[in-house]
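Hello,

Here is the structure I promised to pass on to you. Have a look at it first, and then read on for what turned up in it.

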Amino acid sequence: MLSGGAFLSFGILVLYKRDLHELFAILSYDSHLIPSIHIIGYVLIGMGIFIFIIGLIGCCGSVRESRCLLGLYVFFIILIMGGELIVAMYTVLLSKEWDTRIPNTLKRRLLKYNYSIPQQFEYDLDIIHKQFACCGIDGPSDFYNNINYKIHDHHLPLSCCNRLLNGVCLEMDAYRFGCYKAINEYIHLYSILIVAIGIVIALCELTALILAVCVCRYTIDEDDFD
């Protein structure tokens, strides 16, 4: 039940934390492995409710010493732990995409960044620029081959500067760091928290599984004695 509450809380946090929305919007461009932030939030909420219900089944099974409910509880706990193992494997698969393909894809998109007629990508990237005080993917130099950068006399997007000189963003006034480094540091803080909570949840589930099996065996032995 505590595990279900943790998943439910994370799901609600993901859905209502606005800075994560733009972050995942940027990272999911042209990537089939990174789902949208709404899908992640709804999946976490669904898992939280499901695990909470399983916790109730285990509680009822232990109080009533019902082998049927306890057996069902053990089965679902194993199923949940298997699902968590699949998620961990998926994360390992995602790491390769994260390190190579995503930054290269974003750099290619920067070549088409339109100063005059911004699309959704431009709006999302501008928000990331301001939120993380960064410019480009690896730095302002990512815009050197952009057509609009050359047309506008080597001016950077306005979102790359904290202060503007005569309404334009010059490289000397732009943020020096690329956004990918800033995003990595930001996600690293979240990943430490998620890993720590994941380990606690896994230990709780393993303990619950062992105790449920013990209660179930005790119930069987008691029935055989009778």
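One definition to begin with: a disulfide here is a pair of cysteine sulfur atoms within 2.5 Å. Please keep in mind that this is a predicted model.

With that cut-off, what about C59 and C60? The sulfur of C59 has its closest cysteine sulfur in C60, 5.7 Å away, which is too far for a bond because a disulfide needs the two atoms within 2.5 Å. Both cysteines are partly exposed: C59 has a relative accessibility of 38%, and C60 has 40%.

Other cysteines do pair up, and the count comes to 3 disulfides.

- C134 and C179 are joined, S to S 2.0 Å. This pair links distant parts of the chain, 45 residues apart, with C134 in the loop between α5 and α6 and C179 in helix α7. The torsion about their S-S bond is about 90°, so this disulfide is right-handed. Both C134 and C179 are buried.
- C135 and C160 are joined as well, S to S 2.2 Å. Their link is right-handed, with 80° about the S-S bond. C135 sits in the loop between α5 and α6 and C160 in the loop between α6 and α7, so the pair ties together parts that are 25 residues apart in sequence. C135 is buried at 0% relative accessibility, and C160 is buried with a relative accessible area of 0%.
- C161 and C169 form a disulfide with their sulfur atoms 1.9 Å apart. The torsion here is about 75°, so this disulfide is right-handed. C161 is buried, with a relative accessible area of 8%, and C169 is buried at 0%.

If you number the bonded cysteines in sequence order, which pairing do you get? It is 1-6, 2-3, 4-5.

In soluble globular proteins, nonpolar side chains tend to be buried together. In this model, the largest nonpolar core has 26 residues, and C160 is among those with the most contacts inside it, along with L106, I128, F132, F143 and L156. Helices α4 (67–110), α5 (120–132) and α7 (179–225) each supply at least two residues of this core. Which helix gives the largest share? That is α7, with 5 residues. There is also a second, separate core of 16 residues, which includes A6, F7, I51 and I57.

Happy exploring, and do write back with any questions!

Best wishes

Conventions: Residues numbered from 1 in each chain as written. Predicted model: local features only at pLDDT ≥ 70, side-chain atom pairs only at ≥ 80, totals over all residues. Heavy atoms only, no water. Core = buried A, V, L, I, M, F, W, Y, C linked by side-chain atoms within 4.5 Å. Buried < 20%, exposed > 50% of the residue type's maximum accessible area, 1.4 Å probe, protein only. Helix = DSSP H or I, 4+ residues; strand = E, 2+ residues; numbered from the N terminus.
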